[in-house]
Amino acid sequence: MSIVVAGATGALGRLVVEELLATVDASEIVAVVRDEEKAAPLAARGVGIRVADYDRPESLKDAFRAGDRVLLISGSEVGRRVPQHAAVIDAARTAGVAQFAYTGILGGPDADFRLADEHRATERLILESGLPYTFLRNGWYTENYTANLPLVLAHGAVVANAGDGRIASATRADYAAAAAAVLTGEGHLGAAYELSGDVAWSLAEYAAVVSAATGKEIEYRDVPAAAHQEILTGAGVPEPFAAILVDVDEAIGRGRLATTSGDLARLIGRPTTPLAETVAAAAARA
């Protein structure tokens, strides 16, 4: 039996592997990757490597073994994820894995925004497959905002169409720690965890935190959805993805990413990383 991370060289996958390496021997960990060269640093540390491509289902036939504990990190190619995930699910079912964990989105079947569509479809496929599952319904990453900090500082504003909606974000490291806990622990089969930060914050509060961390006055500029779409496309964001971002902001305005269930803190055995801490670290790099 191995602990298998599918998507191990991505931003979240790398952190999950690091968490696993802190608790289990490298020989027990397998990384399923598309690019073997990118996985070379993991191989050098003793992690097993299995090469597979979600777009080529035949390449997945040797990706899993009977008894494996598998984590499928949702793919990054929005619009193509359902067939890609279906190929992984089929391969895992055929292999007879002991656990199939999936990183979905906060709210699961109740999430009513476009970015959630493929996650809901994937959860249905997993349930229909009969796989012993664990759903890790990740909320928003704090890094979704701090990654854009240089742009915010340049313009002196956080621009969105989220109104006064709140966001219970956590860091990728927090979510990675939860995934590792589920993969190495017991009692998680059949569970659906609503994972989010301990504290929900508004974008006006985020702007205030950025101001405090940088010493620069930052405002929150709430704009209509259509105006936000124009701003994003004008900045070079492809129109389909800009529409998704605008739709997410509308969901934030409806409270869809504000849930504070406490599941994440319970799984990782500590409070989630505070917003101010993540902003301060990003500001030091900006």
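Student: What is the handedness of the crossing where H3 passes H4?

Tutor: In this predicted model, H3 passes H4 in a right-handed crossing.

Student: Why is H3 called roughly parallel to H4?

Tutor: The axes of helix H3 (residues 81–95) and H4 cross at roughly 20° and come within 10 Å. Angles under 35 degrees count as roughly parallel, so H3 is roughly parallel to H4.

Student: Which residues of H3 and H4 meet?

Tutor: From H3, the residues are Arg 81, Val 82, His 85, Ala 86, Ile 89 and Arg 93; from H4, they are Glu 118, His 119, Ala 121, Thr 122, Leu 125, Ile 126 and Ser 129. By class, this contact of H3 with H4 has 6 nonpolar, 4 polar and 3 charged residues.

Student: What is the order of the strands in the open sheet?

Tutor: The open sheet has 7 strands in the order S3-S2-S1-S4-S5-S6-S9, and the pairing is parallel.

Student: What makes S3 and S9 edge strands?

Tutor: Strand S3 (48–51) and strand S9 (191–195) each pair on one side only.

Student: How many bridges join strand S2 to S3?

Tutor: Strand S2 (residues 29–33) is joined to S3 by 4 bridges. Two strands pair if there are at least two bridges between them, so S2 and S3, with 4 bridges, count as paired. For Val 30, the bridge partner in S3 is Gly 48.

Conventions:
Residues are numbered from 1 along each chain as its sequence is written. This is a predicted model: local features need pLDDT of at least 70, side-chain atom pairs count only at pLDDT 80 or more; totals for chains, interfaces and linings use all residues. Side-chain values use heavy atoms; hydrogens and water are left out. Helices (H or I, at least four residues) and strands (E, at least two) are DSSP runs, numbered from the N terminus. Axes are lines fitted to C-alpha atoms, for helices over the stretch in contact, and angles run from 0 to 180 degrees between N-to-C directions. Angles under 35 degrees count as roughly parallel, over 145 as roughly antiparallel, 65 to 115 as roughly perpendicular and the rest as oblique. A crossing is left-handed if the near helix is turned anticlockwise from the far one by less than a right angle, and right-handed if clockwise. Contact means heavy atoms within 4.5 Å. Ala, Val, Leu, Ile, Met, Phe, Trp, Tyr, Cys and Pro count as nonpolar, Asp, Glu, Lys and Arg as charged, and the others, Gly among them, as polar.
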